[in-house]
Amino acid sequence: MKVELLEEKTETKLLLNGCSVAMANAIRRAIINGVYTLAIDDVTIYKNTSSMFDEVLAARLGLIPIKTPIEVKGKGKFLLKLKEMGPKAVHASDLVSSDKDVVPAIPEMLIINLKDGESLELEAETTWGNGAIHTKFTPAHVYYHFYPKITIPNSSVKGAAKIASLCPVDILDGQKDSLSVKSGKLSECILCKACEDYAGSDVISISSEKDKIVFGIESWGQLSVKDIFNEAISTLEEEVKEISEKI
Ligand code: SF4
């Protein structure tokens, strides 16, 4: 399998050449269920005079993605403390961590709006886990689809601008009687076929290349995309090794 980097923005898009759907799905599942990260799992609330119940507050804290640098792998638990008095909008960045590298990945995430006179004091302990245990440990949103193939057989296309305007991801260029795919945008086609349904397959035909897969990973912030991918592959290798040892 050959891997190419297609895009590195909010999400990272890879092109997996010579990859089967089964393999792409195995990697997706390994990322979602097999990669270990840190998340808040145990909360001791010393004081809470806000209108939010302790249980809701604890559940909310558990869903804050916590940076899990690869260097802390294997280390024990970490403590995050919070002591605030209203009026104040309390954000994830207000949690004071016992380790400067194990901190909330999205500092601006709102935890609670404390009104005048309301106060909060708590300690939150992290634990290790993966998505198979709880979705809060899942490090990323992952998806894949076949690499698109767009064929425009005729050099002159009537109503090109109208056809291009129907594309929900704006990858078609339609000017006068000329229809084409914008440069470097082919991989963004979501294979919806809105263009083909309108104009007919003799004007624009949408299909896909079966051995090429576009693989998208959007990290929630616990780990970098590279670390997520590497950890998922290690998980898969361990599982395959375990199977081979049992055969
Ligand atoms: S199939 Fe959908 S996304 Fe792809 S070019 Fe046509 S309209 Fe755009």
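In the predicted model, helix α1 (residues 21-34) lies across strands β9 and β12 and runs at about 155° to β9. Helix α5 also packs on the sheet, where it touches β2 (12-17), β9 and β12. The direction of α5 makes about 105° with that of β12.

The sheet itself is open and consists of 4 strands in the order β1-β2-β12-β9, with antiparallel pairing. Its edges are formed by β1 (2-8) and β9 (140-151), each of which pairs on one side only. On average, neighbouring strands of this sheet are turned by 30° against each other, direction ignored. In general, the strands of a sheet pair through backbone hydrogen bonds, in either a parallel or an antiparallel manner. Here, β9 and β12 run antiparallel and are joined by 12 bridges. Within these strands, Y143 stands opposite G216 in β12.

Side-chain contacts were examined next. The count of aromatic pairs comes to 1. This pair is formed by F215 and F229, whose ring centres are 6.1 Å apart and whose planes make an angle of 85°. The arrangement is classed as edge-to-face because the angle between the planes is over 60 degrees. F215 belongs to strand β12 (residues 205-219) and F229 to helix α5 (residues 225-246), so the pair ties together parts that are 14 residues apart in sequence. Both F215 and F229 are buried.

Two lysines are placed over aromatic rings. The charged end of K210 sits over the ring of F146, at 4.7 Å from its centre. K212 lies over the face of Y147, at 4.9 Å from the ring centre.

Methods:
Residues are numbered from 1 along each chain as its sequence is written. This is a predicted model: local features need pLDDT of at least 70, side-chain atom pairs count only at pLDDT 80 or more; totals for chains, interfaces and linings use all residues. Side-chain values use heavy atoms; hydrogens and water are left out. Rings of Phe, Tyr and Trp (its six-membered ring) pair if their centres lie within 6.5 Å; planes under 30 degrees apart count as stacked, over 60 as edge-to-face and the rest as tilted. Helices (H or I, at least four residues) and strands (E, at least two) are DSSP runs, numbered from the N terminus. Buried means under 20% relative accessible area, exposed over 50%, partly exposed in between (1.4 Å probe, protein chains only). A charge sits over a ring if NZ of Lys or CZ of Arg is within 6 Å of the ring centre and within 35 degrees of the ring normal. Two strands pair if DSSP finds at least two bridges between them. Axes are lines fitted to C-alpha atoms, for helices over the stretch in contact, and angles run from 0 to 180 degrees between N-to-C directions. Contact means heavy atoms within 4.5 Å.
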